[in-house]
Amino acid sequence: MALRLKRVEGQLRGFQKLIEAGGDCEKVAQQLAAARKALDKTFFTRVGGVLAQGNVPPDDVADLLTRFS
């Protein structure tokens, strides 16, 4: 999970450089989509870990997914 977050950090830096340089809109959108996908994967991996532990009631997990996905 830490490696994925480091990758997102790099993608966001790249995104910032593109914006500052007046980068192509499609490239900016591509960087944003990649970062968003990596963050989503991290989120769902974390939720999967919570489910696997089995110490959180299913309603609480459902609430978490409703609020943040």
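Here is a walk through this structure, from the whole chain down to a few residues.

Before we start, keep in mind that this is a predicted model, where local features need pLDDT of at least 70, side-chain atom pairs count only at pLDDT 80 or more, and totals for chains, interfaces and linings use all residues. Residues are numbered from 1 along each chain as its sequence is written, and side-chain values use heavy atoms, with hydrogens and water left out.

Let's begin with the overall layout. The protein chain has three helices and zero strands, and reading along the sequence gives the pattern α-α-α. (Helices, H or I with at least four residues, and strands, E with at least two, are DSSP runs numbered from the N terminus.) The C-alpha trace spans about 50 × 25 × 15 Å along its principal axes. The radius of gyration of the protein chain is 16 Å, while a compact globule of 69 residues would come out near 11 Å. That radius is taken over C-alpha atoms, and the globule rule is 2.2 Å times the number of residues to the power 0.38.

How much of the chain is buried? Of its 69 residues, 13% count that way. Here buried means under 20% relative accessible area, exposed means over 50%, and partly exposed is in between (1.4 Å probe, protein chains only). As for contacts (heavy atoms within 4.5 Å), take those between residues at least 6 apart in sequence: 46% of them join residues at least 24 apart.

Now look at helices α2 and α3. Their axes come within 11 Å and cross at roughly 170°. Those axes are lines fitted to C-alpha atoms, for helices over the stretch in contact, with angles running from 0 to 180 degrees between N-to-C directions. The two helices are therefore roughly antiparallel to each other; the cut-offs are under 35 degrees for roughly parallel, over 145 for roughly antiparallel, 65 to 115 for roughly perpendicular, and oblique for the rest. Which residues of α2 and α3 meet? On the α2 side there are F43, F44, V47, V50 and L51, and they meet V61, L64, L65 and F68 in α3. The residues of this contact divide into nine nonpolar, no polar and no charged. (Ala, Val, Leu, Ile, Met, Phe, Trp, Tyr, Cys and Pro count as nonpolar, Asp, Glu, Lys and Arg as charged, and the others, Gly among them, as polar.)

Zoom in on V47, which sits in helix α2 (residues 25-53). V47 has a relative accessible area of 5%, so it is buried. Setting aside neighbours within four places in sequence, V47 is in contact with V61, L64 and L65. By comparison, 32 Å separates the C-alpha atoms of V47 and L18, which are 29 residues apart along the chain.

Over in helix α1, find Q11. Q11 counts as buried because its relative accessibility is 15%. Again leaving out neighbours within four places, Q11 is in contact with Q31, A34, A35 and A38.

Finally, there are two salt bridges, each a side-chain nitrogen of Lys or Arg within 4 Å of a carboxyl oxygen of Asp or Glu. In one, the side chains of R13 and E9 meet at 2.8 Å, N to O; both residues lie in helix α1 (residues 2-20), four residues apart, about one turn of the helix. In the other, R67 meets D63 at 3.1 Å, N to O. R67 and D63 are four residues apart in helix α3 (residues 58-68), so about one helical turn separates them. R67 is exposed, at 53%, whereas D63 is partly exposed, at 38%.
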